[in-house]
Each structure stands twice: as structure tokens, then as C-alpha cells.
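Work through the exercises below with the coordinates open.

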Amino acid sequence: MVKWADVLAIMEQKMASGKPKPFDVSWLSYDKNRKTQGEKKELRNAVLVGIRQRHRIVNVSPYGLPNQVIPIHWDLILWINDKPAS
């Protein structure tokens, strides 16, 4: 299992060119307003866009598409690079 600090370190990695290094992530969706859980979602070749510490949200986007931001609550992350997250 990968601890949260290690998950964050994987997400923050950079390539030699200085661009963010892509990673694979899967998580559970959840609608806070309706209080319903959704389905398991997966994104291959994601990059970290930003972190909102106060709300425990990481914003990711598909590699090469920085305008498509997907917010993920970090407690709902299941896998990162095919390793279970805790």
C-alpha cells in the first residue's frame, strides 16, 4: 500500500524537461450535495494541476489537456500507478 505522502510525491514528480510526469489514478466518485456514491473512475496519463489542502482535493487533468480539470477527494483515491493507496 502506498501512503498519502507517497501518493502526493508520485503526483508531483517532474520529467527532465520540467513538465509534470504522467501517472495513472483510479478513485471513487461521490456527490456531496446528493450524498450518493458513484462509480469507480480511472484516468490514465493524468498530471497534477493543483492541491486544495483545506478541502483535501487534488485537481488532475489528462496529459496534454490542462483545461479539463478533474477534482478528486484524496480519501477516495484507490490506486496510483497500479498500487493500492491508503
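Residue classes are used as follows: Ala, Val, Leu, Ile, Met, Phe, Trp, Tyr, Cys and Pro count as nonpolar, Asp, Glu, Lys and Arg as charged, and the others, Gly among them, as polar. The model is predicted, so local features need pLDDT of at least 70 and side-chain atom pairs count only at pLDDT 80 or more, while totals for chains, interfaces and linings use all residues. Numbering starts from 1 along each chain as its sequence is written, and side-chain values use heavy atoms, without hydrogens and water.

**Exercise 1.** Describe the lining of the largest pocket by class and by element.

Step 1. A pocket is an open set of points on a 1 Å grid over the protein atoms alone, where a 1.4 Å probe fits, with protein on both sides within 12 Å along at least five of seven lines; lining residues have an atom within 4 Å of a point. Grid points are joined across faces, edges and corners, and a volume is the space filled by probe spheres set on the points.

Step 2. The volume of the largest pocket is about 380 Å³. Its lining holds 14 residues, with Y30, I57, P71, I72 and H73 nearest the centre.

Step 3. Two or more lining residues come from each of β1 (23–31), β2 (36–52) and β4 (70–73). Strands here are DSSP E runs of at least two residues, and helices are H or I runs of at least four, numbered from the N terminus.

Step 4. The class count is 8 nonpolar, 3 polar and 3 charged residues.

**Exercise 2.** Derive the strand order of the sheet and follow its pairings.

Step 1. Two strands pair if DSSP finds at least two bridges between them. The open sheet of 6 strands then reads β4-β3-β2-β1-β5-β6, with antiparallel pairing. β4 and β6 (83–84) are the edge strands, each pairing on one side only.

Step 2. β1 and β2 share 7 bridges, and L28 has K40 in β2 as its bridge partner.

Step 3. β2 and β3 share 6 bridges, with R52 partnered by I57 in β3. Their hairpin has 4 residues between the strands, and R56 there takes a positive phi near 60 degrees.

Step 4. β3 and β4 share 4 bridges; I57 has H73 in β4 as its bridge partner.

**Exercise 3.** Is M11 buried or exposed, and which residues does M11 touch?

Step 1. M11 lies in helix α1. Its relative accessible area is 1%, so M11 is buried (under 20%; exposed is over 50%, partly exposed in between; 1.4 Å probe, protein chains only).

Step 2. Leaving out residues up to four places away in sequence, M11 touches F23, L48, V58, I77 and I80 (contact: heavy atoms within 4.5 Å). The C-alpha atoms of M11 and F23 are separated by 6.8 Å, with the residues 12 apart along the chain.

Step 3. For β3, 6 of its 6 residues are buried. I57, N59 and S61 point one way, and V58, V60 and P62 the other.

**Exercise 4.** Classify N45 and D82 by phi and by accessible area.

Step 1. Most residues other than glycine have a negative phi.

Step 2. N45, in strand β2, has a positive phi near 60 degrees. With a relative accessible area of 44%, N45 is partly exposed.

Step 3. D82, in the loop between β5 and β6, also has a positive phi near 60 degrees. D82 is exposed, at 57%.
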